[in-house]
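Subject: Two-chain model for your files

Hello,

Please find the structure below. My notes on what was found in it follow.

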Amino acid sequence: MAMDDPQFAEKIRAEDPEALRSGVETYLGQIHRTALGAGLGPERAREVTQATFATFIEKAPSFEGRSHVRTWLFGILYHKIREARRGLQQERQMDEIEDVFEGRFDAKGSWVRPPHPVDLQLYDSEIREFFEDCLEKVPTQQRMAFVLREVDELSSKEICKILNISNTNLGVLMYRVRNRLRECLEAKGVKR
Amino acid sequence: MGCCRDITEKLASDEFREASLWKRLTVRFHLLMCRHCRRYAAQLKTIGEIARDLWGPQSEDPSTLESLEREILETTRRDHEGGRIDSP
């Protein structure tokens, strides 16, 4: 049965064991990989995945079916990830990355410090290591937006629902996380 | 036409993904002419590719997933057997 079928939502609400099982089977991999992408590490990613599905099953009777089952599941996951990462970083209103990036342009908006030609090779193991290092310092919400977009390839609309933010807000998060990553990778590349 | 700062801002914030054809063409046209922005755009693209490579579907270890699935489904079954005394 298709996951976006209204009957499926109905069965989830009725705690139909087969429907719950197929919900777990369909989304387990994606949820687990997203938890890893959020930077939890293997142990905690496992715990958070289990906790997410435990809540999914426990709260099934209250699933309203207004959103897709996947959106709902990812919402639960996001909540758990926030809890797991609480206190790790402060979410800031102003972000220094904006000043850093602004500083690359002149008053007319032309490049003063254009992007350095860093050779970002996809399968370069050093680049991959740098990548994880660079993501380490990114606030949870930015990191989640990035993973939901780039790894899970969800639509803006769905990501906004999951993170409970506006579309404009999502744009700001993406802008910050991508520039932060790019600046960080560039800085590491230049040092080599 | 936008300046480089506007173009990079649009690229980074995904603004042109769901924008009108005209807006997307404006960005395309700028990239054709500006090698700095082209490099910037290419780097953003690679950043996405690295993320997909690290955490995309092919990164999953089947045995980890299998054991995780077993644990979750076992918990479900237990809950359902223990929790529903009045079910037939």
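In helix H1 of chain B, residues 4-12, the buried residues are Cys4(B), Ile7(B), Thr8(B), Lys10(B), Leu11(B) and Ala12(B). Buried here means 20 or more other C-beta atoms within 10 Å of the residue's own, with 12 or fewer counting as exposed, anything in between as partly exposed, and C-beta atoms placed from the backbone. Helices are DSSP runs of H or I with at least four residues, strands are runs of E with at least two, and both are numbered from the N terminus. After H1(B) comes Asp14(B), which has a positive phi near 65°.

The model is predicted, so to speak of local features a pLDDT of at least 70 is needed, side-chain atom pairs count only at pLDDT 80 or more, and totals for chains, interfaces and linings use all residues. Residues are numbered from 1 along each chain as its sequence is written, while chains are lettered from A and ligands numbered from 1 in the order in which they are written.

On the interface: chain A puts 43 residues into the contact and chain B 39, where contact means C-beta atoms, placed from the backbone, within 7 Å. On the chain B side, H1, H3 and helix H4 (62-83) each supply at least two residues. H3(B) gives the largest share of that side, 15 residues. By class the chain B side has 15 nonpolar, 10 polar and 14 charged residues; Ala, Val, Leu, Ile, Met, Phe, Trp, Tyr, Cys and Pro count as nonpolar, Asp, Glu, Lys and Arg as charged, and the others, Gly among them, as polar.

Chain A has 9 helices and 0 strands, and 36% of its 192 residues are buried. Its C-alpha trace spans about 60 × 35 × 30 Å along the principal axes.

Regards

Notes: Two residues are in contact if their C-beta atoms, placed from the backbone, lie within 7 Å.
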